[in-house]
Amino acid sequence: ANGGVDVWEVWPPTVPTGGFLWVTGAGFRLADRFELQQRGTPAVPLTTVTSSPGETTVRIPAQLEPGTFHLSVVREGQAIGCQPTVSVFAGRVLFVSPGGDDGASGEEAAPWKSLTTALTRVQSGDFVYLRTGSYEGEFDITTSGEPGRPIGLVGYPDDWPVLTTPLTARGCMNATLNVTGSDVLVDHLNVANELRHCLRAVHVRGRWLFESN
């Protein structure tokens, strides 16, 4: 009945135009395609960024009109599997890369160099994607998103961004990543505290998370 494919999760459940979705499940084939469907309108094909038997990453078109959609797996011209819901909103998609420039626009072709620069400029609905590299410091997310329009701090698909606190940091009272804003999504990042005696890495609104190395 499901065509041999089982979609377990589409993440994140809400994403800006131009952003990425991670689709996990079983039975995917490399030739499968993905599209968004909305009653009474033509299906919207999605660009596949990475693909494997258990997870595929797709990109939302930047020109898509925001709304609520169903995601379908398309095989041999037929939509198969369940159709989870995805909410698409109008927001900025920004990028940070070790080879970037803090004087640039922050767009994909002109990324910022410093994560600190990005975090001082984000607004509700902005998603910041980090490219492969090491980002050293103590990073604070103080700006809040809104319900349905969060702020996103996300690793670029198949990249390996690492947030790390230097050995010279002030003991264990400070986190590598400190989140005080609300409606903030942090995903696909690696957080490493180089203070071996200190296992704290992420602090979210009064709670320590990921207390391991």
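Visitor: What makes the contact between arginine 92 and aspartate 126 a salt bridge?

Guide: In this predicted model, the side chains of arginine 92 and aspartate 126 meet with an N to O distance of 2.7 Å. The criterion asks for a side-chain nitrogen of Lys or Arg within 4 Å of a carboxyl oxygen of Asp or Glu, so the contact qualifies.

Visitor: Where in the chain do arginine 92 and aspartate 126 lie?

Guide: Arginine 92 is in the loop between β10 (85-89) and β11, and aspartate 126 is in the loop between α1 and β12 (127-130). The two residues are 34 residues apart, and the pair links distant parts of the chain.

Visitor: Why is aspartate 126 called buried, and why is arginine 92 called partly exposed?

Guide: Aspartate 126 has a relative accessibility of 2%, and buried means under 20%. Arginine 92 stands at 37%, which falls between the 20% limit and the 50% limit for exposed residues, and therefore counts as partly exposed.

Visitor: How many salt bridges does the rule give?

Guide: The count comes to 4 salt bridges. One of them joins aspartate 32 to arginine 75, with the closest N and O atoms 2.8 Å apart. Aspartate 32 lies in the loop between β3 (20-26) and β4 (33-37), and arginine 75 belongs to strand β8 (residues 67-75), so the pair ties together parts that are 43 residues apart in sequence.

Visitor: How do you know whether aspartate 32 and arginine 75 are buried or exposed?

Guide: The relative accessible area is 3% for aspartate 32 and 10% for arginine 75. Each value is set against the limit of under 20%, so the term for each residue is buried.

Visitor: What qualifies arginine 59 and glutamate 108 as a salt bridge?

Guide: Their closest N and O atoms are 3.0 Å apart, and the rule requires a distance within 4 Å. Arginine 59 lies in strand β7 (residues 55-59) and glutamate 108 in the loop between β11 and α1 (115-121), so the pair ties together parts that are 49 residues apart in sequence. Glutamate 108, at 35% relative accessibility, counts as partly exposed.

Visitor: Why are β11 and β18 called edge strands?

Guide: The open sheet has 4 strands in the order β11-β12-β15-β18, with parallel pairing. Strands β11 (93-96) and β18 (184-187) each pair on one side only, and are its edge strands. Neighbouring strands of this sheet are turned by 15° against each other on average, direction ignored.

Visitor: How do you know that β15 and β18 pair?

Guide: Strand β15 (residues 151-155) is joined to β18 by 4 bridges, and the two run parallel. Leucine 153 has valine 186 in β18 as its bridge partner.

Visitor: What is the omega of the peptide bond joining tryptophan 11 and proline 12?

Guide: Omega is about -5°, and the bond is cis. Proline 12 is located in the loop between β1 (6-11) and β2 (14-16).

Visitor: Why is aspartate 158 called exposed, whereas histidine 188 is called partly exposed?

Guide: Aspartate 158 reaches 70% relative accessibility, and exposed means over 50%. Histidine 188 has 36%, a value in the range between the two limits, so the term is partly exposed.

Visitor: What is the phi of aspartate 158, and what is that of histidine 188?

Guide: Phi is near 65° for aspartate 158, a positive value in a residue other than glycine. Phi of histidine 188 is near 55°, also positive in a non-glycine residue. Aspartate 158 sits in the loop between β15 and β16 (161-165), and histidine 188 in the loop between β18 and β19 (190-193).

Terms used: Residues are numbered from 1 along each chain as its sequence is written. This is a predicted model: local features need pLDDT of at least 70, side-chain atom pairs count only at pLDDT 80 or more; totals for chains, interfaces and linings use all residues. Side-chain values use heavy atoms; hydrogens and water are left out. Two strands pair if DSSP finds at least two bridges between them. Axes are lines fitted to C-alpha atoms, for helices over the stretch in contact, and angles run from 0 to 180 degrees between N-to-C directions. Buried means under 20% relative accessible area, exposed over 50%, partly exposed in between (1.4 Å probe, protein chains only).
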